[in-house]
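Have a look at it, then read on.

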Amino acid sequence: MQRKRIHMMMLAGGLLGGMLMAMPVMAADPAPAAPSAADAEKAAKEKALAEAKAAAPADGAMLANTCAGCHGTNGVSAGPSMPSIAGMPAKYLEHIMSEFQSGKRPSTIMGRIAKGYTEEETKRIAEYLSKAKWQPVKSGPNSLTATKVDEAKGKKGKKVIESSKCGKCHEDEGVTQDEDTPRVAGQWVDYLVIKMQDFKNEHLSVPQPEKMKKAIDKLSAEELESAAHFYAGQK
Ligand code: HEC
Ligand code: HEC
């Protein structure tokens, strides 16, 4: 009981900075909760909650600043192994983040990052990013470091995509997106190649629709690479 109370106060302490640290009762008092301390704790929590609510509508942009370090300003990626996430549907971003958070979706770094946000914060970040403007990455500032779209490979990729019926879900040459399906047109070649290798690697068990899994499993590494060149070359 006492331990739990201290634990909760430490949590609140984290939220409120130094405020609660100044309260002397906390660790020393072995007696059951002194009413004054409990009242102060409750009041402090209510205050923190009210402040958080007041700050809520504005800070999607601020929260999304953290993402910019890797995914580029407003989600337009500047590096080939980092996906652009600008303008993706809010529901898609939210669901991916919650899967990273729960560990359902394997990741190198996103699991740890996603765990740093509450559901409400994730929602705000997703809403903010969904309003950012998508830009095809190959025209991005650092595109020299990336694999360039190869038109010959892209032509082969178009055939692969047609015969595999990828367009059933990735409509309009990969431009269309919805709450389950990300945009693939204009994404980095390198990222698309990595993703397709991940889809094929059963040990990673990346969430993916059964129909796509079947289609991708049938394709060779070379065919998948050409599909990546095709999609990356679309605007
Ligand atoms: C330290 C770098 C880093 C930061 C910061 C970061 N990401 Fe990521 N993100 C990655 C990497 C790397 C991947 C690929 C998955 C992995 O390996 O974790 C990724 C993948 C994603 C994906 C999947 C995209 C797709 O199409 O498959 C989404 C969505 C995403 N991140 C959203 C975010 C959001 C929202 C934030 C900010 C709250 C954020 N990321 C911050 C590195 C980062
Ligand atoms: C049944 C619908 C469907 C079909 C068919 C399909 N896809 Fe997908 N695709 C999806 C969905 C849904 C996702 C998102 C999966 C996830 O990460 O949750 C996706 C994700 C992807 C991604 C990763 C994009 C990213 O940013 O994470 C690539 C690349 C991709 N598909 C390529 C293909 C190719 C190539 C084919 C054909 C061989 C194909 N897809 C067929 C539905 C489909």
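The protein has a mean pLDDT of 83, and 79% of its residues reach 70 or more; pLDDT is the predictor's confidence in each residue, from 0 to 100. This is a predicted model, in which local features need pLDDT of at least 70, side-chain atom pairs count only at pLDDT 80 or more, and totals for chains, interfaces and linings use all residues. Residues are numbered from 1 along each chain as its sequence is written, while chains are lettered from A and ligands numbered from 1 in the order in which they are written.

Where should you be careful? Over residues 1-29, pLDDT stays under 50, and the model has 23 contacts beyond four places in sequence for them. A contact here is a pair of residues whose C-beta atoms, placed from the backbone, lie within 7 Å. Where pLDDT is low, the predicted coordinates should not be read in detail.

## The overall fold

How many helices and strands are there? The protein has twelve helices and zero strands, so reading along the sequence gives you α-α-α-α-α-α-α-α-α-α-α-α. Both kinds of element are DSSP runs numbered from the N terminus: helices are H or I with at least four residues, strands are E with at least two.

Of the protein's 235 residues, 25% count as buried. Buried means that 20 or more other C-beta atoms lie within 10 Å of a residue's own; exposed means 12 or fewer, and partly exposed is in between, with C-beta atoms placed from the backbone. Take the contacts between residues at least 6 apart in sequence: 71% of them join residues at least 24 apart.

## The nonpolar core

The largest nonpolar core has 33 residues, and Leu129, Val189, Leu192 and Ala228 have the most contacts inside it. Such a core is a set of buried Ala, Val, Leu, Ile, Met, Phe, Trp, Tyr and Cys residues joined through C-beta atoms within 7 Å. Two or more residues each come from helix 5, helix 7 (119-131), helix 10 (189-200) and helix 12 (221-232). Helix 12 gives the most, with six residues.

Where does this core sit relative to the domains? It lies between domain 2 (59-131) and domain 3 (146-232), because both give residues to it; the domain bounds come from an automatic or database domain assignment. As for Leu129, its contacts include Ala64, Gly75 and Ile85, leaving out residues up to four places away in sequence.

## Around ligand 1

There are 18 residues around ligand 1, and Cys67, Cys70, Ser107, Thr108 and Met110 come nearest. A residue is near a molecule or strand if its C-beta atom, placed from the backbone, lies within 6 Å of it. Helix 4 (60-71), helix 5 (90-102) and helix 6 (110-114) each supply at least two residues of this shell, and helix 4 gives the most, with five.

By class, the shell has 13 nonpolar, five polar and no charged residues. Ala, Val, Leu, Ile, Met, Phe, Trp, Tyr, Cys and Pro count as nonpolar, Asp, Glu, Lys and Arg as charged, and the others, Gly among them, as polar.

## Around ligand 2

Ligand 2 has 23 residues around it, with Ser164, Cys166, Cys169, Lys211 and Met212 coming nearest. Helix 8 (151-164), helix 10 and helix 11 (210-218) each supply at least two residues of the shell. Helix 11 provides the largest share, four residues. This shell divides into 14 nonpolar, five polar and four charged residues.

Let's zoom in on Cys166, found in the loop between helix 8 and helix 9 (171-174). Is Cys166 buried or exposed? It counts as buried because 23 other C-beta atoms lie within 10 Å. Cys166 is in contact with Ile161 and Ala215, leaving aside neighbours within four places in sequence.

## Some loop residues

Most residues other than glycine have a negative phi. Asn74 is buried, since 21 other C-beta atoms lie within 10 Å. Ser205 also has a positive phi, near 35°, and lies in the loop between helix 10 and helix 11. Ser205 is exposed, with 12 other C-beta atoms within 10 Å.

Pro207 lies in the loop between helix 10 and helix 11, and is exposed, with 12 other C-beta atoms within 10 Å. Pro207 and Glu99 are 108 residues apart in sequence, but 9.1 Å apart in space, C-alpha to C-alpha. Pro207 touches Glu99, Lys104 and Arg105, not counting residues up to four places away in sequence.

How values were computed: Two residues are in contact if their C-beta atoms, placed from the backbone, lie within 7 Å.
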